[in-house]
Amino acid sequence: MATTVRLGSFTPSVLLRVARHLDPALDVTETLVPSSPAQFRALYDGAYDAVFTSPDNVLGQPRRVEMLAAIDRGMGLALYGRGELRGARVGVDVPASGFAFALYALASSLGVSRDEFEVITLGSTPSRLRALLAGECDYTMLNAGNELHAEAAGFTAVARVSEVCHPYLGTVLAAVDPAPVAALTDSLVETAAAIVDGKHDELVVAAATEALGLPRPLAERYLRRLKDPDEGLVPDGVIHASALATVAGLRRRFA
């Protein structure tokens, strides 16, 4: 077993930071990835032992990857922007990915079809937040604390995944070989259950402030979102068939 677990993720994980604080023996290095294709290339090349990723990314892989635990239900995943959606420049990680498929469903719920806006490939969620704030796109999908920065800058959610694509599975822990990350899997599930139970509120707020750059009022909102039964952490880590079916259905509809 690896002495250090190498984890690839899109946005700095508050859950991971709290888990490491509670268990100092948990040796995990987290690397932020630029996009989902780059994440899985690194996983296959052996640069990562595990990844935090959308379950759709796993479903779309040509090689076997195992989903080890459900992490969250989207963490506020929503379509953010301003102005008219028709004709807008809409940023995605890549056009054929889980969050992009959810985006197309949200746009459809607003009466706007996929061919009525321009899709721009911008990579990971933090990269898309920067692009939105810089005016390089008009709309994008945000979550996991990134959306709180967008709201502070005056952007609003025009449609939410939790309202259109329910039940939803936002993030899973996945690996090619589950054995080296068994301790991490157990620790993340235990920590998620404790956070939802309200046992580590101050640790979460401090971690969200440090990792995500959120001022305390926004970090407290982030804490409330972690506990939200529709958008937050999955306290038992179980990958429920109904939530996975939602993700698979979006892929069938829009891929």
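The legends below describe close-up views of a predicted model.

**View 1. Helices H9 and H10 cross in this predicted model.** H9 covers residues 201-212 and H10 covers residues 216-227. Their axes come within 9 Å. The crossing angle is roughly 120°. The two helices are therefore oblique to each other. The crossing is right-handed.

**View 2. Residues at the contact of H9 with H10.** H9 contributes Asp201, Glu202, Val204, Val205, Ala208, Thr209 and Leu212. From H10 come Arg216, Ala219, Glu220, Tyr222, Leu223, Leu226 and Lys227. Eight of the contact residues are nonpolar, five are charged and one is polar.

**View 3. An open sheet of five strands.** The strand order is S7-S6-S8-S5-S9, with mixed pairing. S7 (118-121) and S9 (156-160) are the edge strands. Each has a single partner strand, so one side of each lacks a neighbour in the sheet. On average, neighbouring strands are turned by 35° against each other, direction ignored.

**View 4. Pairing of S6 with S7.** S6 spans residues 89-92. Four bridges join S6 to S7, and the two strands run parallel. Val90 has Val119 of S7 as its bridge partner.

**View 5. Helix H5 packs on the sheet.** H5 spans residues 125-133. The helix touches S5 (78-81), S6 and S8 (139-142). The direction of H5 makes about 145° with that of S8.

How values were computed. Residues numbered from 1 in each chain as written. Predicted model: local features only at pLDDT ≥ 70, side-chain atom pairs only at ≥ 80, totals over all residues. Heavy atoms only, no water. Axes fitted to C-alpha atoms, helices over the stretch in contact; angles between N-to-C directions. Parallel < 35°, antiparallel > 145°, perpendicular 65-115°, else oblique. Left-handed = near helix turned anticlockwise from the far one by under 90°. Contact = heavy atoms within 4.5 Å. Nonpolar A, V, L, I, M, F, W, Y, C, P; charged D, E, K, R; others polar. Pairing = 2+ DSSP bridges.
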